[in-house]
Amino acid sequence: MNLRPTASIWILCGATIANSVLIPSAKADETAVLDLSRSIFNFLALKRLGPPIQGEFRVATGHLDTRADGQRQVVIVLQADSVSVEGSAMQTRVARSDLLFATQRYPQIEFRSDWHTPQMLRAGGVFGGTVTLRGVTLREQFTVSLSTCSKPGERCAIEAQGRINRERYGMKGLGAIMRPDVELQFKVRFVPSGTASATASNATSKKNRASN
């Protein structure tokens with residue numbers, strides 16, 4: 001999937017078809033951790049006229065859990081204050097302000113997929129999960145692209161896109177110039193927990209955090 005402003009987006013990083021059963025009490029038997037160096041988290045805040053405010057969350061953590069029955073769940077936590085609009089300090093300030101992500105009051109944004117089978121993720125389609133943004137948790141649906149490998153998220157990226165209504169999460173400012181839609185575009189890779197690659201990914205995350 002080409003991560004372009006015209007793409008309609010994922011927001012979750014992970015997922016399950018809408019009629020899959022959510023099992024919140026289930027425990028993971030295997031865990032992989034986010035490989036930040038090979039993952040992308042973009043957003044587009046759409047204007048009523050003109051190009052959208054397009055930016056990126058540069059710091060995130062996350063994990064891909066697998067239960068003994070093979071079902072999987074993706075959890076991503078974005079560091080809200082790492083959001084940046086390249087080439088525009090003013091738009092970066094707007095994105096971090098109370099008009100949008102309110103990063104000082106709500107430092108994290110979480111995406112949690114429903115439990116799903118590997119076959120579902122390989123086939124792609126519409127999946128369900130929850131988004132926690134500005135202290136509000138809501139169910140959303142996301143579109144995951146057809147996988148190019150047998151183990152999406154590990155041997156190849158999970159590519160997802162979705163659209164949320166920002167007003168449902170309390171982002172009601174700038175209504176005269178901004179549309180209520182915010183699009184998210186994710187491309188996510190994981191590495192086995194405890195490996196050298198996982199350690200390197202965590203170090204990259206800390207370095208990126210320090211530079212923002």
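Biologist: Where is the place of V126?

Modeller: V126 sits in strand β9. Strands are DSSP runs of E, at least two residues long, and helices are runs of H or I with at least four; both are numbered from the N terminus.

Biologist: How do you count residues, and what goes into the values?

Modeller: Numbering starts from 1 along each chain as its sequence is written. This is a predicted model: local features need pLDDT of at least 70, side-chain atom pairs count only at pLDDT 80 or more, totals for chains, interfaces and linings use all residues, and side-chain values use heavy atoms, with hydrogens and water left out.

Biologist: What makes V126 count as buried, partly exposed or exposed?

Modeller: Its relative accessibility is 42%. Buried means under 20% relative accessible area, exposed means over 50%, and partly exposed lies in between, with a 1.4 Å probe and protein chains only. So V126 is partly exposed. V126 and A160 are 34 residues apart in sequence, and their C-alpha atoms are 9.6 Å apart.

Biologist: Why is H116 called buried?

Modeller: H116 has 0% relative accessibility, so it counts as buried. H116 is in the loop between β8 and α2.

Biologist: How many of the chain's residues are buried?

Modeller: Buried residues make up 50% of the 212 in the protein chain. The chain has three helices and 13 strands.

Biologist: How confident is the predictor in this chain?

Modeller: The score is pLDDT, the predictor's confidence in each residue, from 0 to 100. The chain's mean is 81, and 78% of its residues reach 70 or more. Over residues 1-26, pLDDT stays under 50. Where pLDDT is low, the predicted coordinates should not be read in detail.

Biologist: What is L46 in contact with?

Modeller: Contact means heavy atoms within 4.5 Å. Not counting residues up to four places away in sequence, L46 touches P52, R163, M178, R179, D181 and E183. L46 and M178 are 132 residues apart in sequence, yet 6.0 Å apart in space, C-alpha to C-alpha. L46 belongs to strand β3 (residues 40-47). Its relative accessible area is 9%, so L46 is buried.

Biologist: How large a share of the chain's contacts joins residues at least 24 apart?

Modeller: Among contacts between residues at least 6 apart in sequence, the share is 70%.

Biologist: Which residues does G55 contact?

Modeller: Leaving aside neighbours within four places in sequence, they are F41, N42, F43, S84 and V85. G55 is in strand β4 (residues 53-57). G55 has a relative accessible area of 6%, so it is buried. G55 and F43 are 12 residues apart in sequence and 5.4 Å apart in space, C-alpha to C-alpha.

Biologist: Which residues have the most contacts inside the largest nonpolar core?

Modeller: They are F41, F43, I76, L78, F101 and F190, in a core of 39 residues. The largest share of this core, five residues, comes from strand β12 (residues 178-188). A nonpolar core is a set of buried Ala, Val, Leu, Ile, Met, Phe, Trp, Tyr and Cys residues joined through side-chain atoms within 4.5 Å. In soluble globular proteins, nonpolar side chains tend to be buried together.

Biologist: What is the phi of A102?

Modeller: It is near 45°, a positive value in a residue other than glycine. Most residues other than glycine have a negative phi. A102 is in the loop between α1 (89-96) and β8 (108-113). Its relative accessibility is 1%, so A102 counts as buried.

Biologist: What about the phi of R134?

Modeller: R134 is not a glycine either, and its phi is positive, about 55°. R134 lies in the loop between β9 (125-133) and β10 (136-144). Its relative accessible area is 10%, so R134 is buried.

Biologist: What makes a space a pocket?

Modeller: On a 1 Å grid over the protein atoms alone, a pocket is an open set of points with protein on both sides within 12 Å along at least five of seven lines; a cavity is a set where a 1.4 Å probe fits but cannot get out, and lining residues have an atom within 4 Å of a point. The largest pocket is lined by 13 residues, and E30, T66, R72, K151 and E154 lie nearest its centre. The largest share of the lining, three residues, comes from β2.
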